[in-house]
Amino acid sequence: MNDYKSLFTPRETKDQRVFTAEVMQKIRRLQPADSFWQVFARWAFPALALSFGALVITVSYSVEPQAVSAETFVLDDEETVYTIEWVAPQ
């Protein structure tokens, strides 16, 4: 009778924090160490993207737009391009 009781009763478990710490320690032991390039790429690529974005924003902010008046668009000296009318077949 005692054998059945031990079979169906739940096992005593450790404290949840201790269990989690042991599992994480086993995972770290089984996981290979990161190489230098993986660690470098993990922070270097986002930093490079951020600095490039800041450079683009800075350059685009510092460039002054050209002063263009409405008269320039209306009285432009370029040749006028006319659309060709479609000729219906006869």
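Helices are DSSP runs of H or I of at least four residues, numbered from the N terminus. In this predicted model, the chain has 4 helices and 0 strands. Read from the N terminus, the order of elements is α-α-α-α. The accessible surface of the chain is about 10100 Å². Carbon and sulfur atoms account for 63% of that area. Of the 90 residues in the chain, 1% are buried.

Helix α3 covers residues 36-62. Its 27 residues should span 39 Å at 1.5 Å a residue.

Phe36 and Phe40 both belong to helix α3 and are 4 residues apart, about one turn of the helix. An α-helix has 3.6 residues a turn, so residues three or four places apart point the same way. Phe40 and Trp43 also lie in α3, 3 residues apart, again about one turn of the helix.

In the pair of Phe36 and Phe40, the ring centres are 5.9 Å apart and the planes meet at 20 degrees. The angle is under 30 degrees, so this pair counts as stacked. Phe36 is exposed, because its relative accessibility of 57% is over 50%. Phe40 has 32% relative accessibility and therefore counts as partly exposed. Phe40 and Trp43 form an edge-to-face pair, with 5.4 Å from centre to centre and 80 degrees between the planes. Trp43 has a relative accessibility of 52%, so this residue counts as exposed. Ring pairs join Phe36, Trp37, Phe40 and Trp43 into a cluster.

The patch consists of Phe36, Trp37, Val39, Phe40 and Trp43. Together these residues have about 600 Å² of accessible area. Val39 is likewise located in helix α3. Its relative accessible area is 39%, so Val39 is partly exposed.

Charged contacts were also examined. Side chains of opposite charge can pair when their charged atoms come close. The count comes to 1 salt bridge. Arg17 and Asp15 form a salt bridge, with their closest N and O atoms 3.3 Å apart. Arg17 has a relative accessible area of 68% and is therefore exposed. Asp15 has 38% relative accessibility, so this residue counts as partly exposed.

Terms used: Residues numbered from 1 in each chain as written. Predicted model: local features only at pLDDT ≥ 70, side-chain atom pairs only at ≥ 80, totals over all residues. Heavy atoms only, no water. Helix = DSSP H or I, 4+ residues; strand = E, 2+ residues; numbered from the N terminus. Expected span 1.5 Å × (residues − 1). Patch = residues over 30% accessible without salt bridge, like charges linked within 9 Å, V, L, I, M, F, W, Y side chains within 5 Å. Areas by Shrake-Rupley, 256 points an atom, 1.4 Å probe, with all protein chains shown as cover. Salt bridge = Lys/Arg side-chain N within 4 Å of Asp/Glu carboxyl O. Buried < 20%, exposed > 50% of the residue type's maximum accessible area, 1.4 Å probe, protein only. Phe/Tyr/Trp six-rings, centres within 6.5 Å; stacked < 30°, edge-to-face > 60°.
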